[in-house]
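Please consider the sequence and the model together.

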Amino acid sequence: MTDAAIATETRDLFSKFDPLINEREALLATGVRDPYAIVMDQVLSPTRAIIKGKETILLGTYNYMGMTFDPDVVEAGKKALDEFGAGTTGSRVLNGTYQGHKEVEDALKEFYGTSGAMVFSTGYQANLGIISTLAGKGDYVVLDADSHASIYDGCGLGNAEIVRFRHNSVEDLDKRLGRLPADALKLVVLEGVYSMLGDVAPLPEMVAAIRKHPNCMILCDEAHGMGFFGPNGRGAYEEQGVEGEIDFVVGTFSKSVGTVGGFCVSNHPKFEILRLVCRPYVFTASLPPSVVATAATSIRKLMHAGEKRAHLWKNSQRLHQGLTDLGFKLGSATPQSAIIAVILTDQMQAVAMWQTLLELGLYVNMARPPATPAGTFLLRCSLCAEHSDEQVEQIIAMFETAGKATGAIN
């Protein structure tokens, strides 16, 4: 048999994944559980679940405002399921727009104070669709190097030129915009809160730098800011007072809203044309009636969730201080959001910490490259407004036990 024939037999389209497969198999061979294959056998509340027969505190769900079990939200979903059935079986531009889809878009317009709102089937599709439709061949998308995968994928689908600037660096953003052709059309994509480290963008300074350059529009992703930032819970851009400067806000229902779906809101007078030209909107079945009903109900309740927001901030401050006092390295020097990242030295220590915490009755997310910056392994804690003071103290105690058992702290 020739060398070419042997190569053909031993290689296929999966061969490029072999290094990752080998790394994963070596890790699991040590006896640890797979951090990415956890099954929730039963979910008891926004903060508790049964995993392999053990009641577990949930600290890795993004359920920031605890709306998944809100009685009004659940009842709205049940009612819509009874009245409209299980699904739409169609795109929004065909048979897939029901009364509930208009209602949730109206709720978004009221929540954000905008004239336009589009709902997508996922938050990923919202970024994919809006970015790829707005910025095409010959245009530029200028984005933070640590941007979410959906933002990068939106750039690729639209075939725009991608220009990255250093994470949260106003100076680098200004410099890179200055190098672009003045007459070129540019979309600058920012995130209010970054999902891995939980840090917040310096939006006023960034907006000021962007407005020095011609032909720029600004999109702000508030997936992790909606619900608890700002007096109305609109996000970090509201908290920082730049509402009038942001052209598009993209978000998701799978975090603070407590269900699934994505959206974009805007005051641009031509915004509605996107419904006819945005491929991830036009060529995807719309959300089921029960989902949009729960989303609309949740969004309207979030307008009046000041006490929940205050308690969530209290939880974030307490956990950040407790972990800092124990000697853990965190992703930010101060609590900036509901995300607190615990930085570990390597993958083995991160997995050991993750598994020890799970055995103690605490579920967190383990994150590694490429989701994190190169060489960074961390446990990502997502706090919830429904976490009680007692649960937060339990969490700190579990981290102390796990940290000492794995050598992550002394």
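A residue is called buried when its relative accessible area is under 20%. The model is predicted, and by this criterion D70 counts as buried, because its relative accessibility is 12%. K301 is partly exposed, with a relative accessible area of 29%.

L59 is buried, at a relative accessible area of 0%. Beyond its neighbours within four places in sequence, L59 contacts a set of residues including L319, L362, V364, L383 and F399. Its C-alpha is 9.6 Å from that of I339, although 280 residues separate L59 and I339 in sequence.

Two of the contact partners of L59, L319 and F399, are among the residues with the most contacts inside the largest nonpolar core, which has 94 residues. L379 is another of these; among the residues it touches beyond four places in sequence are V342, W354, M366 and F399. A second, separate core has 23 residues, including A135, V141, L187 and C264.

The sheet may be considered next. Four strands form an open sheet in the order β11-β12-β15-β14, with antiparallel pairing. β11 (329–330) and β14 (365–367) each have a single partner strand, so one side of each lacks a neighbour in the sheet. Strands β12 (residues 339–344) and β15 (residues 377–382) pair over 6 bridges, and I343 stands opposite L378 in β15. Helix α14 (residues 347–360) packs on this sheet, touching β12, β14 and β15, and its direction makes about 35° with that of β15.

Charged pairs occur elsewhere as well, and the salt bridges number 22. K212 and D174 meet at 2.7 Å, N to O; K212 is in the loop between α8 (203–210) and β8 (216–221), and D174 is in helix α7, 38 residues apart. K212 is exposed, with a relative accessible area of 57%. A further salt bridge joins E400 and K404 at 3.0 Å, N to O, and both residues lie in helix α15 (residues 389–406), about one turn apart. Finally, R92, K102, E105, E272 and R275 are linked in a network of salt bridges.

Key: Residues numbered from 1 in each chain as written. Predicted model: local features only at pLDDT ≥ 70, side-chain atom pairs only at ≥ 80, totals over all residues. Heavy atoms only, no water. Buried < 20%, exposed > 50% of the residue type's maximum accessible area, 1.4 Å probe, protein only. Contact = heavy atoms within 4.5 Å. Core = buried A, V, L, I, M, F, W, Y, C linked by side-chain atoms within 4.5 Å. Pairing = 2+ DSSP bridges. Helix = DSSP H or I, 4+ residues; strand = E, 2+ residues; numbered from the N terminus. Axes fitted to C-alpha atoms, helices over the stretch in contact; angles between N-to-C directions. Salt bridge = Lys/Arg side-chain N within 4 Å of Asp/Glu carboxyl O.
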